[in-house]
Amino acid sequence: MPSAETTQTSAHEQDRVRPTKADEVAAAGSELIGGPVGRHALLGTSWWTPVRVIALVAIGVFALGLVQKAPCYDGAWFFGASSQYTHACYSDIPHLYQGRGFADGLVPYFDRLPGDMEYLEYPVLTGVFMEVAAWLTTGSGSIQHQEQWYWMVNAGMLMVCAAVIAVCVTRTHARRPWDGLLVALAPAFALTATINWDLLAVALTAAAMLMWARGRSLAFGVLLGLATAAKLYPFLLLGPLLVLCWRAGRWRDFGKAVGGAVVAWVVVNGPVMLFAFEGWSKFYRFSQERGVDFGSFWLIMAQNSSDPLDTETVNTLATLLMALCCVGVAALALTAPRRPRFAQLAFLIVAAFIVTNKVYSPQYVLWLVPLAALARPRWRDFLIWQACEVMYFLGIWMYLAYTTSGDAHKGLPTDGYHWAIGLHLVGTLYLCAIVVRDILMPERDVVRRDGDDDPSGGVLDGAEDVFVLGAAAHPAHHTADFEGPQVEWGASKAEGSGGS
């Protein structure tokens with residue numbers, strides 16, 4: 001006789017959304033492993049739970065990304081100016097082992113570096129991550145051998161981060177665990193995972209999103225503060241959370257989140273700020289002083305102008321554009337016919353920062369992958385965006401191969417690189433447009449069509465509105481031309497889950 005626990009687990013499994021039933025692309029792709037799951041399939045009885053499967057898939061795909069870097073590991077990082085670009089396997093990690101003083105035992109932020117970069121230009125928690133990897137790197141052998149070891153140690157640590165991200169996304173939407181495969185199988189994720197150290201901040205942000213989904217506001221704040229201590233972008237999530245909590249009247253939870261984030265950030269940054277302020281502030285000064293760089297539409301403008309804008313002007317204009325985007329996201333949140341999901345606004349605000357910024361390094365796509373999987377868990381749209389990002393990934397390395405190959409001109413000329421930038425921008429804006437459409441027409445949101453309100457929203461999930469603007473204050477019946485099931489505001493999860 002089955003135990004009560006087994007019965008509950010089986011019932012929960014049956015209540016899960018089956019991607020092969022709800023997504024045409026997922027159904028077609030499942031033919032490789034036997035086709036869509038049957039209506040009478042026995043679920044919830046196997047050791048192979050979605051979390052375990054997706055974690056293993058994420059590790060396997062990450063390992064494929066390491067294989068893709070093999071030509072560089074075997075020599076392209078060390079011999080020839082352009083071979084690491086023609087093989088599309090460049091990474092900052094081995095180059096910065098010696099370039100930022102780790103090979104010489106210098107202490108980040110405290111010891112001045114030789115050359116133009118006086119101090120490490122990364123946030124403190126990322127600097128700690130880099131230093132720990134240096135401690136684990138063998139100090140014997142040639143510098144090439146040490147740099148290879150340093151990259152491998154970092155790759156192992158970043159693989160753990162990748163697994164954490166996949167698990168957190170899988171568990172954030174309890175009824176849609178298989179959406180985690182979007183992260184695990186994302187090609188741009190595998191290609192860019194070991195270019196830099198961004199996965200640390202992404203993992204902490206994904207864990208923070210999971211904590212908020214579980215209703216643990218303080219834990220969310222602490223993890224988001226740690227993520228911001230590793231990379232600047234995570235603090236942007238507090239903006240969407242502000243307007244959503246405003247609309248739902250959840251000020252106490254927002255205050256706990258902000259308080260936890262501030263305390264965590266200060267605990268990490270405070271000692272370094274106090275005893276090595278010049279080294280600590282290098283990241284912020286470098287971000288401000290850095291000129292227009294790869295991947296941005298600002299670069300297209302600069303390279304096609306006889307009198308390009310100076311850095312200060314670009315900083316001002318980029319800040320104004322980002323401010324306008326923030327106002328737009330806030331207006332969308334307060335006037336939408338139904339309160340947007342947290343993941344939707346989080347994706348939009350980070351995407352706005354990426355699009356308006358004066359630089360777009362290829363690994364920045366990692367910031368968006370988990371948010372995109374939660375905001376728009378639809379394989380077609382996700383793969384269209386990923387295809388654009390893969391093309392940009394190839395474009396930037398081919399452009400650098402062109403600029404470093406001298407008269408040989410191997411690679412992609414400037415005009416071709418501009419098209420690659422444009423493709424990245426179009427792909428990102430396309431996914432933003434789809435998310436905005438889902439917000440304005442919530443019956444088209446695949447998450448809400450399955451009966452959920454905001455599974456990543458925590459205390460916002462199912463909460464009543466207390467403050468809205470515009471037409472949302474006087475909702476009318478939505479008459480969009482749509483044949484799918486209609487989900488009414490305020491419907492309970494039990495009532496809305498019948499069509500899963």
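Reader: Is Phe 382 buried or exposed, and what is its relative accessible area?

Author: Some conventions come before the answer. This is a predicted model, in which local features need pLDDT of at least 70 and side-chain atom pairs count only at pLDDT 80 or more, while totals for chains, interfaces and linings use all residues. Residues are numbered from 1 along each chain as its sequence is written, and side-chain values use heavy atoms, with hydrogens and water left out. A residue is called buried under 20% relative accessible area, exposed over 50% and partly exposed in between, with a 1.4 Å probe and protein chains only. Phe 382 has a relative accessible area of 1%, so this residue is buried.

Reader: How is a pair of aromatic rings described?

Author: The description uses the distance of the centres and the angle of the planes. Rings of Phe, Tyr and Trp (its six-membered ring) pair if their centres lie within 6.5 Å; planes under 30 degrees apart are stacked, over 60 edge-to-face, and the rest tilted. There are 33 aromatic pairs in the structure. In one of them, Tyr 233 and Trp 367 are stacked, at 4.5 Å centre to centre and 5° between the planes.

Reader: Which parts does the pair of Tyr 233 and Trp 367 tie together?

Author: Helices are DSSP runs of H or I with at least four residues, strands are runs of E with at least two, and both are numbered from the N terminus. Tyr 233 belongs to the loop between α13 (217-230) and α14 (238-248), and Trp 367 to helix α21 (residues 365-375), so the pair joins parts 134 residues apart in sequence. Tyr 233 is buried at 2% relative accessibility, and Trp 367 is buried at 4%.

Reader: Why is the pair of Phe 382 and Trp 385 edge-to-face?

Author: The ring centres of Phe 382 and Trp 385 are 5.6 Å apart and the planes stand at 75°, which makes the pair edge-to-face. Both residues lie in helix α22 (residues 379-404), 3 residues apart, and are thus separated by about one helical turn. Trp 385 is buried, with a relative accessible area of 0%.

Reader: How many residues has the largest nonpolar core?

Author: In soluble globular proteins, nonpolar side chains tend to be buried together. A nonpolar core is a set of buried Ala, Val, Leu, Ile, Met, Phe, Trp, Tyr and Cys residues joined through side-chain atoms within 4.5 Å. Here the largest has 133 residues, and Leu 199, Phe 220 and Phe 347 have the most contacts inside it. Helix α12 (residues 198-213) gives the most to this core, with 13 residues.
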